[in-house]
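Subject: Structure for you to look at

Hello,

Here is the structure I said I would pass on. My notes on what was found in it follow below.

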Amino acid sequence: MRNVVVVCVVSLVACKSLDESVVEQEVTTCVTFQRGTRGPVADAYIKKNALHKNYGSLSVLKVSDKEQSLLSFDLASIPQQAVISRATLKLYVNGNHGDGTIRVHRALAPWAENGVTDASFQQQFSSEVSAAFRVESNTALKNVDLTNLVRNWVSGAKPNRGLVLRPGPDHQPSCRHDDDDDDDPTIFVSSEGNHSNKRPALEVCYTVPVDHCASDPCDHGTCSNNASGYTCQCDPGYDGTDCDHDVDDCASAPCQNGGVCSDTTSGYTCGCPAGFTGANCELDIDDCVAQPCANGGVCT
């Protein structure tokens, strides 16, 4: 299966000025993770009546009353800030569709394809069911929606240790006393399958938000990116959409008692006349504090 890249315009955001003809476009990208195409990918099945046996090198994956399958897709190439729109697990049935529902769980512990066993894995999976499906045909491609699970993996909300395919409660155990295996397992092609297009695959479609702050649009402020554009937190003394307007802080005549106002980048300053002080020349200086009058004179 080849990488599929779908490009479409999701939204158009106008640039800083109306006379600029360039617009920023947000695109959707779809990639397929599959051994031989994009990876790494690992898979194996484990068996509860063969506790210490590894089945990671076989060309099949099994799910039955006694068997579970593990799959792992390395999604490190997807940007963490990506918005996942769709994630689909693709499994090809290999000659036997089984007799019951299959549940998908999130694995809670790391495991290795060529070393994992039922005893080593110790049933370390989340009790939450990420997806559930049935297979109705012995030779068919089955698509399973894993969008929410992949969103958690890519964002880092949940660690990506792969997933576990387990039998649902309607999977029937063996009815033959001389056979330790399930009578009717569901069998899928594994990543060791000869036909690469039938190997397990995970198709993920995502968009990466446009960085509207890349052009540094805020002249005198800090830019904050958002889905539809940007906002500017202006430095003191500036306002406007792009913090490009120098505020006249003297417009309100803040200086009292004849003080002269001077506009600055961080506000204003007042030049006070003799006898007054303070940020706004609001304080009358007491010139008698130093008792300047001698020989019994009274200072006013």
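Ala251 sits in the loop that runs between strand 16 (245-246) and strand 17 (260-264). Keep in mind that this is a predicted model. Ala251 has a relative accessibility of 62%, and since exposed means over 50%, Ala251 counts as exposed. Asp263 is 12 residues away from Ala251 in sequence, and their C-alpha atoms are 9.1 Å apart in space.

As for the whole protein, the secondary structure consists of two helices and 20 strands. Of the 300 residues, 38% are buried. The exposed surface comes to about 16,100 Å², with 48% of it supplied by carbon and sulfur atoms. Among contacts with a separation of 6 or more, 65% are between residues 24 or more positions apart.

The largest nonpolar core is made up of 32 residues. Leu75, Ile78, Leu146, Val150, Leu165, Phe188 and Val204 have the most contacts inside this core. Strand 6 (residues 83-97) gives the most to it, namely five residues. Apart from this core lies another one, of 10 residues, including Ala44, Ile46, Phe121 and Val164.

Which residues is Leu165 in contact with, leaving aside its neighbours within four places in sequence? They are Val63, Gln68, Ser69, Leu71, Leu91, Ile102, Arg103, Val104 and Phe188.

Regards

Methods
Residues numbered from 1 in each chain as written. Predicted model: local features only at pLDDT ≥ 70, side-chain atom pairs only at ≥ 80, totals over all residues. Heavy atoms only, no water. Helix = DSSP H or I, 4+ residues; strand = E, 2+ residues; numbered from the N terminus. Buried < 20%, exposed > 50% of the residue type's maximum accessible area, 1.4 Å probe, protein only. Contact = heavy atoms within 4.5 Å. Areas by Shrake-Rupley, 256 points an atom, 1.4 Å probe, with all protein chains shown as cover. Core = buried A, V, L, I, M, F, W, Y, C linked by side-chain atoms within 4.5 Å.
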